[in-house]
Amino acid sequence: MKVGFIGLGVMGGPMAGHLVAAGHEVSVFNRSPAKAKAFVAEHGGRAGATAAEAAAGCDVLALCVGNDDDVRAVVAEALPALAQGAVIVDHTTTSAKVAREMAELAGQGGRHFVDAPVSGGQAGAQKGTLTVMLGGEAAACERAGPVIGAYAKTIQRIGDSGAGQLAKMVNQICIAGTVQGLAEAVHFAKRSGIDADAVLAAISKGAAQSWQMENRWPTMVAGQFEFGFAVDWMRKDLGLVLDEARANGATVALTALVDQFYADVQKLGGRRWDTSSLVARLET
């Protein structure tokens, strides 16, 4: 298919690379032109000078940008350039509100919009094993499936527009609580003077087991926090959760508390540390 990809950061760059490897005709755009040129030099495809140029005539346009306003700006520019019936697949984590806005806007122009936030982090993007949660018309999600499949292991349509973003919020609620519990466990083990490696071997095969434990316990014990999703981005995501909870009446007390713990980590200079750095707050 003729596919455009906008946003070549730590997630978008590898995802777009998988599209080229899968044989799609890929055009890319990034706000930093040098990054787009470097992508083409490494993977192939072509770089557009603008988002509209990258989107011109595309059947599918994937986005992986920063926030709600970035999505609004890119869609406004790129939408008229897309082929009729094209599908915009937005991998940015945003509010459900903006997903619904963009779906309505795309529909008015004879195109479609699918909110498609991802889970799996930078490693998942590089390996092509992301989990993608879709919100949008069933037919549009199905049409975008072969494109998303180039970099995803799991693709699940959750429901209509905005549902993908709501599912990503659920994902972040789970991660926030799990990582805080793991941080306290690591801190407790170290203060107790027991062998942290032996503890991991004992408990990681039982009821306490989690992806975070398997992948982050050793690095948390070592005080290493350069392995994934940054604290700044997690706070952005948790802000979306808290806004949505205020609107729908959900009680998310633990999530609100962990959000403030991440604010403490930011004050420690950990804005770019990964989310497991909650333990640094306890060690300080």
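1. The side chains of Ser276 and Asp274 make a polar contact at 2.4 Å. A polar contact here is a pair of N or O atoms within 3.5 Å; within protein, one must be able to donate a hydrogen and the other to accept it, and residues adjacent in sequence count only if both atoms are side-chain atoms. This is a predicted model, in which local features need pLDDT of at least 70 and side-chain atom pairs count only at pLDDT 80 or more, while totals for chains, interfaces and linings use all residues. Residues are numbered from 1 along each chain as its sequence is written, and side-chain values use heavy atoms, with hydrogens and water left out.

2. Ser276 sits in the loop between H12 and H13. Helices (H or I, at least four residues) and strands (E, at least two) are DSSP runs, numbered from the N terminus. With a relative accessible area of 1%, Ser276 is buried. Buried means under 20% relative accessible area, exposed over 50%, and partly exposed in between (1.4 Å probe, protein chains only). Leaving aside neighbours within four places in sequence, Ser276 is in contact (heavy atoms within 4.5 Å) with Val179, Arg216, Met220, Gln224 and Phe225.

3. Asp264 lies in helix H12 (residues 253-267) and Arg281 in helix H13 (residues 278-283), so the pair ties together parts that are 17 residues apart in sequence. Both count as partly exposed: Asp264 has 28% relative accessibility, and Arg281 has 25%.

4. The structure holds 12 salt bridges, each defined as a side-chain nitrogen of Lys or Arg within 4 Å of a carboxyl oxygen of Asp or Glu. One of them pairs Arg157 with Asp160, the closest N and O atoms being 3.2 Å apart. Arg157 is partly exposed at 33% relative accessibility, whereas Asp160 is exposed at 58%. Another links the side chains of Asp237 and Lys236 (3.7 Å, N to O). Here Asp237 is buried at 2% relative accessibility, and Lys236 is partly exposed at 24%.

5. Helix H9 (residues 196-203) has the buried residues Ala196, Val199 and Leu200. Seen down the axis of H9, these fall within an arc of 100°, so they line one face of the helix; the arc is that of the directions from the helix axis to the C-beta atoms. An α-helix has 3.6 residues a turn, so residues three or four places apart point the same way. The buried residues of H9 pack against helix H10 (211-222). Asp197, Ala201 and Ala202 are the exposed residues on the face turned away from the buried side of H9. At the start of H9, a side-chain oxygen of Asp195 comes within 2.9 Å of the backbone nitrogen of Asp197.

6. Strand S1 (residues 2-6) is mostly covered, with 4 of its 5 residues buried. S1 pairs in the parallel sense with strand S2 (residues 25-29) over 5 bridges, and with strand S4 (residues 60-63), also parallel, over 4 bridges. Strands pair if DSSP finds at least two bridges between them. Gly4 stands opposite Ser27 in S2, while Ile6 has Leu63 in S4 as its bridge partner.
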